[in-house]
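Subject: Structure handover

Hi,

Here is the structure we talked about. Please open it alongside this note; my findings follow below.

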Amino acid sequence: MIEVSHVSKQYSGSDDVVRDVSFEVKDGVIFGLLGPNGAGKTTLMQMIATLLVPSQGNVLINGLNTRTDEREIRRNIGFLTSEVKLDPFSTPDKLFRFFGDLYGIDRKIVEQRKAESFARFDIAPFAQKKIIELSTGMKQKISIAISLIHNPPVVIFDEPTNGLDILTARQVTDYLRELRANGRTILLSTHIFSVAEDLCDEIAVLVDGCVVALGSIAALKETTGTQSFEDAFFRLYTENHKE
Amino acid sequence: MFRAVWAIARKSTTGGSRLKTEMSKASLATALFFFLCFMSTLVSYVVYSDSFFQSEPENNYVMLVNSPESFDSYLESKFEKIPDYFETYFRHETSGTYYDFVKYQNMLSRDQIALIIVFPGNFNDQIASLANDSRPEILTYYDPGNENSKGYHETFTKNFFPEYGDELQAKYGRTAVSSDIFAIQEFEITGTDTRADSALFAIHHMILPLLLFIAVMYSCMETGMACVAGEKERGTFAAILLSPVRRIEIVLGNALGIIIRTMAIAGGILLVLLSLIFAAFGYFSIVQVVSLLLLTLSLTVVMAALVLMISIMNRTILAAQTGFLPIFFLMLIICITSMQKQDAPSILYYLLPFYGHYYGIAAVMDGTYSIGLLVSLLAICLAITAALFFAAERLLHVERFTLYADSGKDLARERRQRLWERRIRGKYAASPQNRVYGYEPKRMRSGTWLILYHLLMPVSVLSFFQTPALIYPMIDYLRSGRANTFFEKISTSASDVSGMANLIMRFLADLMQTKEFIFSMSLGYILLIAVYVFIITRIEKQPLSSSGLGLKGAGGVRKALRSYGAGLLVGLAMMSLAVFAMLLSGNLNITGIGIDPSQVLLFVAYIAMWIPQGASEELMFRGYMLPRISRRFGRAFAVFFTSASFALLHGANAGVTPLAVINLVLIAWFFAELSLFTGNIWTVSAAHSVWNFAQGNLFGLRVSGTQNTASLIHTVYSDNAMPLLTGGDFGPEGGLIVTGVTVLCLLILFALRHKLKNENRKV
């Protein structure tokens with residue numbers, strides 16, 4: 001359960017990047033954050049993932065406040081964004097060990113999880129290869145596997161299918177469904193409508209740092225009076241975008 | 001907790017440093033270059049002045065300085081049994097200086113000479129005109145610790161001198177004089193500086209600590225910059241921040257990694273060096289090795305903490321390495337100052353980090369270090385490291401040091417910048433006269449930035465290119481005998497700061513008179529012009545004509561040459577006018593014409609220097625600065641600003657007076673107006689060069705406080721010269737006559753401009 005209440009963020013000397021955002025992500029659902037580039041999605045997710053501290057408002061994850069219980073929250077979330085990269089000179093094998101150490105997970109369990117995710121994503125043949133030698137899709141799969149090494153109940157993915165081919169993207173979306181079936185709470189941001197429409201139980205549309213619509217996709221189409229989700233989004237954007 | 005720390009440490013020891021360390025390689029090269037330069041200077045000094053490579057010390061000579069004939073014949077009579085005794089055991093020397101303490105001390109302490117006897121240069125005259133209370137003094141220098149020297153001295157003072165005195169008295173018929181005919185003043189000089197000692201001194205106080213410092217500094221930097229800053233640059237740092245490790249664990253882990261790697265390198269170097277020294281001299285104990293290792297370790301720990309702080313505060317390896325530069329220079333200064341200190345420093349230095357390590361290493365090698373000092377230094381370093389770790393931990397809670405991409409911020413900043421630029425451009429587009437040489441900036445800068453940049457730019461560029469010009473003359477100077485006298489004077493005036501500053505100024509002025517310096521300066525000015533041309537064309541991507549260096553277009557070169565020629569005439573006319581006025585008013589006398597053959601090369605060097613010198617200063621102030629300031633603050637302010645900063649830059653020269661500053665501003669003002677009038681800087685460059693040349697090398701006057709020796713016409717200020725008119729020590733630029741000439745030129749220029757404007761209006 002993620003509760004975001006009245007969260008704003010401004011960097012020193014500039015306008016608000018995120019303005020008074022509130023929403024709730026219930027357990028066992030996939031929640032989508034939708035918005036154009038620069039809408040504040042990444043900043044919002046970084047605040048939820050404790051990388052940033054909100055200027056105003058609070059974020060609670062399973063009842064823990066990001067301001068005060070950051071270490072406990074980090075144990076409970078798996079965060080993935082295109083800006084979190086893997087050490088190009090390390091190997092998947094070494095990275096598993098390294099992050100296992102950082103999370104303080106028992107070595108045996110690390111080995112077990114590694115075997116599981118290597119099998120799940122077909123990483124095993126590349127286990128001893130350097131990250132720099134691997135393809136974009138393989139890197140993304142390894143990133144996902146590592147971000148979930150501690151088996152967190154809450155999963156936050158920023159644009160998880162960005163830059164991936166259809167096959168790998170499909171593997172990722174399938175995995176997200178699998179995670180939901182296992183009862184995880186998933187927050188994901190995207191600007192790809194098909195992904196959002198297929199996957200998300202609920203979405204929030206962000207324009208210029210504000211939530212302009214919140215609810216299921218069907219409800220969204222209904223309130224905007226449009227046929228497709230894309231039209232609905234476009235209408236919301238033109239209505240709310242300033243400048 | 002330890003597991004995470006160890007994981008991070010292992011990562012930063014091995015994986016982290018493999019990326020992007022080209023910059024630190026450059027730093028290593030710089031450090032080694034400094035080391036080599038230093039060593040070569042040292043070696044050249046040692047080779048010149050030390051008996052380092054001589055086979056055997058000769059210590060049975062007696063040196064007679066200014067010895068009168070009567071004493072020589074007295075000695076010959078004493079040693080008549082051995083006719084060649086004189087050639088073998090006595091050396092003669094005449095010297096103008098009576099007290100050449102440093103020289104004699106050096107000779108004695110190197111055991112080249114057993115005894116030195118110095119007579120006053122006019123000993124015979126003094127004896128002949130002997131008054132009751134004034135007697136000539138004979139100085140003796142000897143080493144009481146050396147049996148040979150002591151024996152010689154006793155023979156001379158107990159036997160020879162009294163006998164010789166009696167002989168003299170008899171000769172001059174003064175047997176009635178109650179006391180001796182001359183006095184003897186004895187100087188005891190203890191010679192300890194043996195060859196092996198000086199070699200060991202160099203190893204203990206220079207080579208070993210310096211190498212260790214370089215190794216620790218380089219390795220810490222290479223590893224440290226690649227760990228946090230490098231991980232931020234690669235984007236892998238966020239993953240560590242996202243894991244539940246404590247910030248302090250990140251700090252400790254990375255520090256541990258840096259320390260392990262550095263100790264592997266520095267400790268290795270230390271052990272290799274120690275075994276080499278052991279093989280050569282074989283003299284130290286295991287306690288010394290352990291102390292050295294502990295000192296290196298604590299140096300590494302403090303350095304690692306510092307480097308880590310810098311690494312945390314920066315986003316990229318390059319930025320972090322740039323941030324490390326001040327520390328690098330600080331270390332360099334510490335090494336150099338420690339190296340130069342010959343006697344034992346105060347206890348405080350032993351307790352300061354870095355200084356303490358340097359002196360500590362030297363003291364351990366000398367065997368004069370104590371456990372108490374070591375423990376205290378270690379404790380102090382530990383406290384400092386803990387404070388630095390704590391600060392680093394706090395820094396990791398600050399978003400701007402942990403966040404990798406805040407695109408939102410950048411976007412907002414860009415938008416603000418665009419708005420502001422539009423406003424500024426609009427404000428000045430209305431006044432086209434602010435566009436000098438057709439310069440149009442590619443991007444607008446804030447006023448503060450622009451002012452600071454243009455204030456600091458000439459100073460830093462000039463000091464960067466002038467300092468290296470001193471290196472060669474400096475080495476040359478150090479190898480010559482004059483250096484000894486200089487250092488002696490420095491050490492005697494150590495307590496008198498202003499006296500010392502004076503000495504140093506005089507020393508620098510001396511160096512600046514050498515043709516090597518003049519040639520290097522000329523090269524420096526050419527490089528300076530190249531740097532500016534590079535900045536203008538490659539970095540700012542502006543045409544050269546926008547800095548008043550237009551050459552392109554039909555007849556461009558011819559036009560430029562004609563402008564340059566006109567400038568030569570203007571400069572010569574101005575200076576001639578000033579000198580003429582001085583001659584007419586009886587302030588200046590011509591003493592001769594013609595150049596000393598030995599000075600011809602220096603004269604040529606001066607000509608080769610004034611040409612790029614004038615051009616570079618004009619390019620800096622009138623070519624580069626003027627249009628840039630004018631576009632932002634208006635033309636009038638630009639003229640004022642360039643003139644004021646020009647005067648300030650020259651205001652540090654010797655003998656500067658308020659009038660000199662006013663004159664410099666006026667001259668700069670004239671040059672600025674002239675360059676605006678002609679629309680290029682060719683004319684002013686020529687005028688500037690010829691102005692300085694005529695002043696210094698044509699009329700033999702001082703140029704902004706700098707005296708030239710190679711001059712075509714020799715002049716001297718007459719006895720009743722008025723410094724107010726002539727400028728005195730600063731040269732004519734400090735006098736009212738130049739004020740008059742400059743004001744006259746300005747008025748002529750304004751009149752010309754006015755006339756031209758009216759004509760244009762008519763057309």
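With 23 C-beta neighbours inside 10 Å, Gly524(B) is classed as buried. The cut-offs: buried takes 20 or more other C-beta atoms within 10 Å of a residue's own, exposed takes 12 or fewer, partly exposed lies in between, and C-beta atoms are placed from the backbone. Gly524(B) is part of helix H21 (residues 515-539) of chain B. Helices (H or I, at least four residues) and strands (E, at least two) are DSSP runs, numbered from the N terminus. Beyond its neighbours within four places in sequence, Gly524(B) is in contact with Phe465(B), Gln466(B), Pro468(B) and Ala469(B). Contact is defined as C-beta atoms, placed from the backbone, within 7 Å. Thr467(B) is 57 residues from Gly524(B) in sequence, and their C-alpha atoms are 9.2 Å apart.

Ground rules. This is a predicted model, in which local features need pLDDT of at least 70, side-chain atom pairs count only at pLDDT 80 or more, and totals for chains, interfaces and linings use all residues. Residues are numbered from 1 along each chain as its sequence is written, while chains are lettered from A and ligands numbered from 1 in the order in which they are written.

Helix H23 next. H23 covers residues 600-633 of chain B; at 1.5 Å a residue its 34 residues should span 50 Å, and the end C-alpha atoms are 47 Å apart, which agrees. The expected span is 1.5 Å times one less than the number of residues. H23(B) kinks by about 45° at Met625(B), shortly before the proline Pro627(B). The bend at a residue is the angle between axes fitted to the seven residues ending there and the seven starting there. Of the 34 residues in H23(B), 27 are buried.

Two other positive phi values are in chain A. Most residues other than glycine have a negative phi. Asp122(A) has a phi of about 55° and sits in the loop between helix H4 (107-121) and helix H5 (136-147) of chain A. Asp122(A) is exposed, because 11 other C-beta atoms lie within 10 Å. Asp208(A) has a phi of about 50°, in the loop between strand E9 (202-207) and strand E10 (210-215) of chain A. Asp208(A) counts as buried, with 20 C-beta neighbours inside 10 Å.

Now the sheet. In chain B, 5 strands form an open, mixed sheet in the order E2-E1-E3-E4-E5. Pairing requires at least two DSSP bridges between two strands. Strands E2 (90-93) and E5 (183-188) of chain B are the edges, each pairing on one side only. E3 (residues 115-118) and E4 (residues 137-142) of chain B pair antiparallel over 4 bridges. Val118(B) stands opposite Leu139(B) in E4(B).

Last, the cores. A nonpolar core is a set of buried Ala, Val, Leu, Ile, Met, Phe, Trp, Tyr and Cys residues joined through C-beta atoms within 7 Å. The largest has 141 residues; Ile48(A), Ile156(A), Val205(A), Ala304(B), Val307(B) and Leu308(B) touch the most other members. Helix H8 (residues 195-234) of chain B gives the largest share of this core, 16 residues. Another core, of 72 residues, lies apart from it and includes Met609(B) and Trp669(B).

Best wishes

Terms used
Two residues are in contact if their C-beta atoms, placed from the backbone, lie within 7 Å.
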